[in-house]
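Thank you all for making time this morning.

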Amino acid sequence: MNREVRVRFAPSPTGALHIGGVRTALYNYLYARKTGGKFLLRIEDTDQTRFVPGAEEYIKEALDWLGISPDESPWNPGDCGPYRQSERKPMYMQYALDLIEKGHAYYAFDTAEELEAMRERLTAARVVSPQYNSITRTQMKNSLTLPEDEVKARLASGEPYVIRIKIPRKEEVRLNDLIRGWVMVHSSTLDDKVLMKSDGMPTYHLANIVDDHLMGITHVIRGEEWLPSAPLHVLLYRYLGWEDTMPQFAHLPLLLKPDGNGKLSKRDADKHGFPVFPMDWTDPNTGDKAIGFREAGYLPDAFLNFLAFLGWNPGDHREIFSVAELVEAFSIERIGKSGTKFDINKAKWYNEQYLRAKSDEELGAYLIADLEKENIHISIEKASQIAHIMKERATFPADLWKEGKFMLVAPSSFDESVASKKWNQEAVTVLTSYKDKLAIFSGDFSPEAAKSLLEEAAEANGIKLGKVMQAVRLAATGVGAGPDLMAVFSIIGKEELINRLNFAIKTLPVQG
């Protein structure tokens, strides 16, 4: 193929963008960047009954947040617009009429009641999947069974109709999928899909083919759920005379539930307490709210890295990839055929890796933003120090505040399970001596200085420091475990540490 690579992501504005759709967008983006091509976004809104206000804006914001914005879109149009199918409505009928003229489509005047009666007849005859197809169309009300003058009269009178594709009765349709290899379907299993609806809008099948052709799409990378429609699309390309420029198809594997049993859904996410949408979404019709990966604290690059591996692998043992490295390594040939289990713990792992790779200053900025909501103000230097000792324990940026709160807010209570075992007279003796030494200390209160003074206090009283260390932590932080304690003391500061030790000595009852 010598043409410029042009791929597209074509979501419908029917609600929040599912993680499966985000993965489709990502793979299209990576392939376009890998080949030096273009990544387009087209809004497929031919079904106006399913349109949800705000959904289109949500799609744009989600892709922008992830840094995979399209080269051409409704918001950044190129030469192939419009990029909303509803705005392209006038152009589709000519192609449907061309198919009729060539004998590959026909008018159908059947009412809803007549279609239902047909399905009931077939069901009574024990037909497993009742269809409007090469056999049943001969018994229905359409331009293949009605006299030509009657068809013209019905059209002239404005009687409602749809236009259906005329599927051949005995033909093998072949498709070479870039992921699955050759796919062969017999036309007897296909039905005469509607191409133009009675409201004058095209169905997905016609609009999709026409738009991909007119927009010069060279590769259609989309979800596995569209694979059953692919033979129909191949026929449409052939019947419209575009078979020579038909794009190559690649149907992506399904994203499966964590147990691998079925397709991942919002219901599964709600059940297990994890997101399936890139951002928070509130349904404008029902008011139902769903949390997104962004608001849950996932970093965009970590989320993309996680998402890339849901169906693709680089062929080696590497797991951490920047977006640029994903572009370099990506190939359609390394996308698997079988579905991929969704593992939220792996997503968290990726977030931890990316969080820890950030500088202390970057993480300090996250902490400061959270502290402002609590009306707590500290310097970026102190925030960076806290981030430095907390980042190995954090999965999300918000954990820096949640898990490191004790460094900024003195404890008002203490872990009873630790106090009952570790708060004894030896601990009180060492801490009393320690706070006295702190009171007269005038040097730089570094972690090393904090440790040296504590060791002196224990040694002066003939007590092994290891015996009281958990009690020391309890007195200063309220809990029995945490990051490097001497670093914590240095961040808390000498005066605040003295206050905390005094409070603990006065508050906690001595055990034994």
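This is a predicted model: local features need pLDDT of at least 70, side-chain atom pairs count only at pLDDT 80 or more; totals for chains, interfaces and linings use all residues.

Residues are numbered from 1 along each chain as its sequence is written, and side-chain values use heavy atoms, with hydrogens and water left out.

Let me begin with helix α20, which runs over residues 485-492; helices here are DSSP runs of H or I with at least four residues, strands are runs of E with at least two, and both are numbered from the N terminus. Seven of the eight residues of α20 are buried, where buried means under 20% relative accessible area, exposed means over 50%, and partly exposed lies in between, using a 1.4 Å probe and protein chains only. Those buried residues are Leu485, Met486, Ala487, Val488, Phe489, Ile491 and Ile492. Their cover includes α14 (380-390), α17 (425-440), α18 (447-460), α19 (465-477) and α21 (494-507). After α20 comes Gly493, which has a positive phi, near 95°.

The largest core has 113 residues, and Phe489, together with Ile19, Trp423 and Tyr434, touches the most other members. Helix α1 (residues 19-35) gives the most to this core, namely nine residues. Apart from this core lies another, of 42 residues, among them Tyr92, Ile165, Leu235 and Leu236. If we set aside neighbours within four places in sequence, Tyr434 is in contact (heavy atoms within 4.5 Å) with Phe445, Ala450, Leu453, Leu454, Ala457, Phe489, Leu497 and Leu501.

Now to the pockets. On a 1 Å grid over the protein atoms alone, a pocket is an open set of points where a 1.4 Å probe fits, with protein on both sides within 12 Å along at least five of seven lines, and its lining residues have an atom within 4 Å of a point. Grid points are joined across faces, edges and corners, and a volume is the space filled by probe spheres set on the points. The largest pocket holds about 980 Å³ of space. Its lining has 38 residues, and those closest to the centre are Ala10, Pro11, Ser12, Glu225 and Trp226. By class, the lining of the largest pocket has 15 nonpolar, 12 polar and 11 charged residues, where Ala, Val, Leu, Ile, Met, Phe, Trp, Tyr, Cys and Pro count as nonpolar, Asp, Glu, Lys and Arg as charged, and the others, Gly among them, as polar.

The second largest pocket holds about 290 Å³, and of its 17 lining residues the closest to the centre are Arg294, Glu295, Gly297, Pro397 and Ala398. Helix α13 (360-373) supplies the largest share of that lining, four residues.

Next come the aromatic pairs, of which the structure holds 24; rings of Phe, Tyr and Trp (its six-membered ring) pair if their centres lie within 6.5 Å, and planes under 30 degrees apart count as stacked, over 60 as edge-to-face and the rest as tilted. Tyr204 and Trp226 are stacked, at 4.1 Å centre to centre with 20° between the planes. Tyr204 sits in helix α6 and Trp226 in the loop between β8 and α7 (230-239), 22 residues apart. Tyr204 is buried at 16% relative accessible area, whereas Trp226 is partly exposed at 28%.

Finally, two loop residues. Thr46, in the loop between β2 (38-41) and α2 (55-66), counts as buried because its relative accessibility is 8%. Beyond four places in sequence, Thr46 touches Gln85, Lys197, Met201, Pro202, Thr203, Tyr204 and Ala207. Asp71 lies in the loop between α2 and α3 (89-101) and is partly exposed, at 25% relative accessible area. Asp71 and Arg8 are 63 residues apart in sequence, yet 9.8 Å apart in space, C-alpha to C-alpha.

Technical notes:
A nonpolar core is a set of buried Ala, Val, Leu, Ile, Met, Phe, Trp, Tyr and Cys residues joined through side-chain atoms within 4.5 Å.
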